[in-house]
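This report goes through selected features of the structure shown below.

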Amino acid sequence: MSFQKFISNAISEWMNGDGQDADIAISSRVRLARNLRDEPFPMLATDSQLERVIEQVEQAMEDEAFKTRNHFEMIRMEALTPLQKRVLMEKHLISPNLLADSRKGAVILSENEAISIMVNEEDHLRIQCLFSGLQLKEAWEAADGIDDIFEKHVNFAFDEKRGFLTSCPTNVGTGIRASVMMHLPGLVMTQRINQILSAINKLGLVVRGLYGEGSEAVGNLFQVSNQVTLGQSEGEIIENLAGVARQIIEEERVARQNLMRNHRLQLENRVCRSYGILTNARIIESKEAAERLSDVRLGIDLDIIHGVPLSVMNELMVMTQPGFLQQYAGQQLTADSRDERRARLIRERLQSTIE
Amino acid sequence: MMCQECQERPATLHFTKIVNGEKTEFHLCEVCAQERGEMFPGGMNNFSIHHLLSGLLNNAEPNVNTFKVQQEAPLRCDTCGLTYSQFSKSGRFGCSNCYKAFGEKLDPLFRRVHGNTHHSGKVPERSGGTIKLKKEVSELKEEMRNRIEREEFEEAAKIRDRIRELEQQIADL
């Protein structure tokens, strides 16, 4: 089956680590929520109404403009095992929401996995563009372009006063949710992070853990996104978030420089110990793995660790998660055997960078 | 991560409970979380954004006279059948017409969540209806005034004709 490649292949384009400021800003994402005017929102829609949504989306996908952009494939959630769905979530291609309630849900993926369009999640359409590094403007332009193509074929729910109408009042207006995933070990170590997070909240932005709503920050990874979707234009929202992201990146760099100046030995010790553990451990839990990977990532940025590309760290971040490990093993695994395989995978992958 | 209770389903709810300074982490699937609902005040559903929203909605109208509300016919969306009180419980709309059906009543909510009640972003070509044309007309009117001020009457007349054309288009839609 062709969707197999989206599941078995660990690397998405956003993981290649070549975007702007990709040492700190790992990825940028823009998501647009859209609904068809004449069908009830997924929460209330019947199966046949949801099916009609899929049909209309499929027809729109026939547009030549889609084909010239990229190769797209539609995958229906009902065709996937729970594990396969989980892998798509761990790659950030679908949301935890679609995984949990995937009645008549589907996802359309571009070949390079930079574009994923969820169908019948909370809204009929969730157009998502995910880029490496700080590339919010590029991600917005890509999503905007996809939106325009759909708009030629379907009637979107749009209101002069309220803008794009969404299932949840928190998305109405532009329907845009833009976010930057950031690695901020320097701010965490120097305990500057709380100050910064509370300042961010005052600016109408929110900070979340890696998988969005309800999850905590693991491995010093934070996701900063806009909260307001009504009353500001997309350009303003993107510019505002990008400005704040650039400032956080600056703060993180300053914190790292201070650490290197004042606590170099302790920092090197921490980074090298973590590298030692990752290259030698026989058993490692996911939380520890995330923490050690964060240390090594910092070590690469600060030139303490040489020869390991950032893309490998991004890959490991995704591949050490439970769904991926089990997919890799080709079977369901107990927590114990996952910890063992996780350790082996990290060892092997880091070793391959030495040879 | 698998659910710590059943070890069968993936954990979709991750949270930390602090009791007397003691921190406990939970990683549960929906099913087990619901079964253990009595552990959490008000049940697990309290954790969702929609319930937070519904808190806002109820706060938005602190002086509701319950007797009066019972007397009035419930506010209901005639397309999907969702009532305003159902909406304020679930925090989600049922269809695009709900926005029209609940109308101005939504303003306090949007003001709280977004600090604003009016969209000022992208307008789609088709579904946007006449908004784009109206915008163009007002821009042209501005330009026409400028031309007249500069006594460029020939140009101004051309713009006037274009405005008439557009206004006709709007009227036809």
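Predicted model: local features only at pLDDT ≥ 70, side-chain atom pairs only at ≥ 80, totals over all residues.

## Strand pairing, burial and a cavity

In strand 5 of chain A, C129(A) is the bridge partner of V30(A).

| Partner of strand 1 of chain A | Partner residues | Sense | Bridges |
|---|---|---|---|
| Strand 5 of chain A | 125-132 | antiparallel | eight bridges |
| Strand 8 of chain A | 176-183 | antiparallel | seven bridges |

Is strand 1 of chain A mostly covered or mostly open? Strand 1, which spans residues 25-34 of chain A, is mostly covered, with nine of its 10 residues buried.

The buried residues of helix 12 are L310(A), V312(A), M313(A), N314(A), E315(A), L316(A), M317(A), V318(A) and M319(A). Buried here stands for a relative accessible area under 20%. Since an α-helix has 3.6 residues a turn, residues three or four places apart point the same way.

A probe the size of a water molecule, rolled over the atoms, shows where empty space remains. The count gives one cavity of 30 Å³ or more. The volume of the largest cavity is about 30 Å³.

Which residues line the largest cavity? The lining consists of L184(A), I193(A), I196(A), L197(A), I200(A), V207(A), F222(A), V224(A) and I248(A). By class, the lining residues are nine nonpolar, no polar and no charged. Helix 8 (193-202) and strand 10 (221-226) of chain A each contribute at least two residues to this lining. Helix 8 of chain A gives the most, with four residues.

In chain B, an unreviewed UniProt entry carries the annotation "coiled-coil region" over residues 134-169. The annotation "domain: UVR", also from an unreviewed UniProt entry, covers residues 134-169 of chain B. What is the helix and strand content of the chain over residues 134-169 of chain B? In the model, this stretch of chain B is 92% helix and 0% strand. The end C-alpha atoms of residues 134-169 of chain B are 10 Å apart.

Key
Residues numbered from 1 in each chain as written. Chains lettered and ligands numbered in written order. Heavy atoms only, no water. UniProt positions renumbered as here; feature names shortened; annotations may be inferred. Buried < 20%, exposed > 50% of the residue type's maximum accessible area, 1.4 Å probe, protein only. 1 Å grid on protein atoms, 1.4 Å probe; cavity = no way out; pocket = protein on both sides within 12 Å on 5 of 7 lines; lining within 4 Å. Points joined across faces, edges and corners; volume = space filled by probe spheres on them. Nonpolar A, V, L, I, M, F, W, Y, C, P; charged D, E, K, R; others polar. Pairing = 2+ DSSP bridges.
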